[in-house]
Amino acid sequence: MDPNEAGGGEKEKDKDKEKVIKRRNRPVFLRYLERRRTDTIVAEDSAKGDFNLGTLVRRSQSDKTEYSAKLKEKMTPHDLSTPPSPALDPEEVRLRKMSRRAKVIQELVQTEKDYLTDLELCIREVVQPLRNMQVVDVDRLFTNTETVCEVSAALLHRLHKAIADPDPEAVVIGEIFIQAKAALEDVYKIYCYHHDDANMSLKSYEENEDIKKHFTTCVLALK
């Protein structure tokens, strides 16, 4: 026998011994897991005479996938306390939606009505008295409040006319705001543009005790 071949054989044996020693020195739980994962596969494939590393890896990966799927299924909460709600009658669903819609429209109309009431009260008890007294620049202080009041009154009139229809499904609200869009934009652009200037004027007037007394009288009238 060739000495080189003999030496090579000894080296291979030494390597195999090292692998066995390393495998034995591994933690017990790792060796246990390896046996649980592969022993059954090795036994089955050996019986069939078809054992190889490729088969072992594929079967191991397949087991991992199956185990992950089962674990996910077990971890998914299943609420058995609440039974599935029965299907609602289409007509009942429609009536509920119409009821909610009617409440929203009513709240919208009431909000606009309250806003208009506040504007009219302010004009009657504050703007007009101060204009008659001629103690402040009312137009600078209140800008176009009276025009805003007129636009609000026209909008409320249209809303009242719309909800007067006896058929709730025929009530169209969005179209009213589309028609009033231009007028609303025009008055509120002016109002917002002069808002800061009006605040500055108010602060300067409040430093004057005589004018401040007039403001106090108007506020008391509002109350």
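This is a predicted model: local features need pLDDT of at least 70, side-chain atom pairs count only at pLDDT 80 or more; totals for chains, interfaces and linings use all residues.
**The largest pocket and its surroundings**

The largest pocket is lined by 22 residues, and those nearest its centre are Cys-122, Val-126, Leu-141, Phe-142 and Leu-202. Its volume is about 440 Å³. The elements that give two or more residues to the lining are H4, H5, H6, H7, H8 and H9. Of these, H4 gives the most, with six residues.

The protein has nine helices and zero strands. Read from the N terminus, its elements therefore run α-α-α-α-α-α-α-α-α. Of the 223 residues, 18% are buried. The exposed surface comes to about 17500 Å², and carbon and sulfur atoms supply 56% of it.

What does the inside of the protein hold? In soluble globular proteins, nonpolar side chains tend to be buried together. The largest nonpolar core here has 28 residues, and those with the most contacts inside it are Leu-130, Val-136, Phe-142, Ile-173 and Phe-215. Two or more residues come from each of helix H4 (90-133), helix H5 (138-142), helix H6 (145-163), H7 and H9. Helix H4 again deserves a mention, as it gives the most to this core, with eight residues.

Leaving aside its neighbours within four places in sequence, Phe-215 is in contact with Leu-130, Val-136, Leu-141, Leu-202, Tyr-205 and Glu-206.

Aromatic rings come next. A pair of aromatic rings is described by the distance of the centres and the angle of the planes. The structure holds two aromatic pairs. In one of them, the ring centres of Tyr-188 and Tyr-191 are 6.4 Å apart and the planes stand at 75°, so this pair is edge-to-face. Both residues belong to helix H7 (residues 174-193), where they are three residues apart, about one turn of the helix. Tyr-188 is partly exposed, with a relative accessible area of 27%, and Tyr-191 is partly exposed too, at 32%.

The other pair, Tyr-205 and Phe-215, is also edge-to-face, with 6.5 Å from centre to centre and 70° between the planes. Tyr-205 lies in helix H8 (residues 195-206) and Phe-215 in helix H9 (residues 209-222), so the pair ties together parts that are 10 residues apart in sequence.

Two loop residues complete the picture. Most residues other than glycine have a negative phi. Gln-134, although not a glycine, has a positive phi of about 55°. Gln-134 sits in the loop between H4 and H5 and is exposed, with a relative accessible area of 69%. Thr-143, likewise not a glycine, has a positive phi of about 45° and is found in the loop between H5 and H6.

Note on methods
Residues are numbered from 1 along each chain as its sequence is written. Side-chain values use heavy atoms; hydrogens and water are left out. Helices (H or I, at least four residues) and strands (E, at least two) are DSSP runs, numbered from the N terminus. Buried means under 20% relative accessible area, exposed over 50%, partly exposed in between (1.4 Å probe, protein chains only). Accessible areas come from the Shrake-Rupley method with a 1.4 Å probe; for residues, only the protein chains shown count as cover. Rings of Phe, Tyr and Trp (its six-membered ring) pair if their centres lie within 6.5 Å; planes under 30 degrees apart count as stacked, over 60 as edge-to-face and the rest as tilted. A nonpolar core is a set of buried Ala, Val, Leu, Ile, Met, Phe, Trp, Tyr and Cys residues joined through side-chain atoms within 4.5 Å. Contact means heavy atoms within 4.5 Å. On a 1 Å grid over the protein atoms alone, a cavity is a set of points where a 1.4 Å probe fits but cannot get out, and a pocket is an open set with protein on both sides within 12 Å along at least five of seven lines; lining residues have an atom within 4 Å of a point. Grid points are joined across faces, edges and corners, and a volume is the space filled by probe spheres set on the points.
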